[in-house]
Amino acid sequence: VSFYPALSQFSESSKEKFQDIWNHELEVMISIALPLMVGGWIFAEKIIHSFYSTSFTPSILAFQILILTVGSIFLYRPFYDAMIILNQQAKTFWITFFGAVVNIILNLILIPKYTLYGAAWATVVTNLLILAVIVFYTQKFTFIQLPYLRIFLTFLISGAASVLMYFAIRQLFIYSINIFLLFLVGSAVYFFSLSMIKKYILIYVEK
């Protein structure tokens with residue numbers, strides 16, 4: 001939301017500044033999406049058992065599956081913003097409509113056999129398809145250019161920081177603490193690792 005006003009401001013006055021701000025939004029979204037998915041997968045059991053009884057144990061796997069949806073939503077948000085700001089609202093409607101149809105079909109197929117897990121996977125697949133379609137439409141109908149190298153490096157850096165976070169919070173003496181403290185520890189490890197890895201890579205590139 002904080003990027004939206006800046007993108008709107010430069011949508012007509014400066015394509016270069018629009019692209020630069022959009023690149024930054026995409027980088028931020030990737031940096032948030034990866035630790036959310038990794039952390040959500042790890043924390044799932046802890047979260048469910050912290051707030052609900054053991055009768056909710058079957059929902060742990062559903063939570064882990066659905067956390068992938070959160071990641072995909074973060075990833076396609078910059079593309080959605082660009083489409084709306086650059087007057088491609090009608091196409092975003094059809095993308096959403098396509099997603100709704102796909103989701104209904106997948107639910108009809110998967111729920112009878114896999115129950116709530118089928119519904120969770122239907123949601124994940126639907127959002128991944130929406131991500132793929134909106135990336136294609138953004139490139140086709142707007143002046144946005146995908147910064148492939150920047151995307152790769154952001155995934156690489158965020159992925160490495162997420163792995164370090166994973167190993168840190170999986171330690172038993174850490175994993176046994178309160179869920180809120182666990183979240184703070186995981187966040188601190190992630191953002192510290194992210195900054196250090198990014199700093200090292202920038203130094204390497206400059207050399």
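Helices (H or I, at least four residues) and strands (E, at least two) are DSSP runs, numbered from the N terminus. The structure is a predicted model, in which local features need pLDDT of at least 70 and side-chain atom pairs count only at pLDDT 80 or more, while totals for chains, interfaces and linings use all residues. Residues are numbered from 1 along each chain as its sequence is written, and side-chain values use heavy atoms, with hydrogens and water left out.

**Figure 1. Overall architecture of the predicted protein.**
The secondary structure comprises 7 helices and 0 strands, and along the sequence the pattern reads α-α-α-α-α-α-α. The C-alpha trace spans about 55 × 50 × 25 Å along its principal axes. Of the 207 residues in the protein, 42% are buried. Here buried means under 20% relative accessible area, exposed means over 50%, and partly exposed lies in between (1.4 Å probe, protein chains only).

Glu 27 pairs with Arg 150, and their closest N and O atoms are 2.8 Å apart. This pair links distant parts of the chain, as Glu 27 belongs to helix α2 and Arg 150 to helix α5 (residues 148-169), 123 residues apart. Glu 27 also meets the side chain of Lys 198 in a salt bridge, at 3.4 Å from N to O. The latter pair likewise links distant parts of the chain, with Lys 198 in helix α7 and Glu 27 in helix α2, 171 residues apart. Glu 27 counts as buried because its relative accessibility is 15%. Arg 150 is partly exposed, with a relative accessible area of 29%, and Lys 198 is also partly exposed, at 30% relative accessibility.

Arg 77 and Asp 81 both lie in helix α3 (residues 59-85), 4 residues apart, about one turn of the helix. Their side chains meet in a salt bridge, with an N to O distance of 2.6 Å. Arg 77 counts as partly exposed because its relative accessibility is 29%, whereas Asp 81 counts as buried at 1%. Elsewhere in the protein, salt bridges that share partners join Glu 27, Arg 150 and Lys 198 into one network.

A pocket is defined on a 1 Å grid over the protein atoms alone, as an open set of points where a 1.4 Å probe fits, with protein on both sides within 12 Å along at least five of seven lines; lining residues have an atom within 4 Å of a point. The largest pocket holds about 360 Å³ of space, a volume being the space filled by probe spheres set on the grid points, which are joined across faces, edges and corners. Its lining consists of 18 residues, of which Pro 35, Leu 36, Phe 43, Phe 183 and Ser 187 lie nearest the centre. Helices α2 (15-51) and α7 (179-206) each supply at least two residues of this lining, and α2 gives the most, with 9 residues. By class, the lining has 13 nonpolar, 5 polar and no charged residues. In this classification Ala, Val, Leu, Ile, Met, Phe, Trp, Tyr, Cys and Pro count as nonpolar, Asp, Glu, Lys and Arg as charged, and the others, Gly among them, as polar.

**Figure 2. A nonpolar surface patch.**
Phe 93, Trp 94, Phe 97, Val 101, Ile 104, Ile 105, Leu 108 and Ile 109 make a nonpolar surface patch of about 860 Å². Patches are made of residues with over 30% relative accessible area and no salt bridge; nonpolar side chains (Val, Leu, Ile, Met, Phe, Trp, Tyr) are joined within 5 Å, and like charges within 9 Å. Accessible areas come from the Shrake-Rupley method with a 1.4 Å probe, and for residues only the protein chains shown count as cover. Ile 105, one of the patch residues, is found in helix α4 (residues 89-141) and counts as partly exposed at 45% relative accessibility.

Asn 87, a residue other than glycine, has a positive phi near 60°. Asn 87 lies in the loop between α3 and α4 and is exposed, with a relative accessible area of 56%. Thr 115, placed in helix α4, has a positive phi near 50°. Thr 115 is partly exposed because its relative accessible area is 43%.

Definitions and conventions: Salt bridge = Lys/Arg side-chain N within 4 Å of Asp/Glu carboxyl O.
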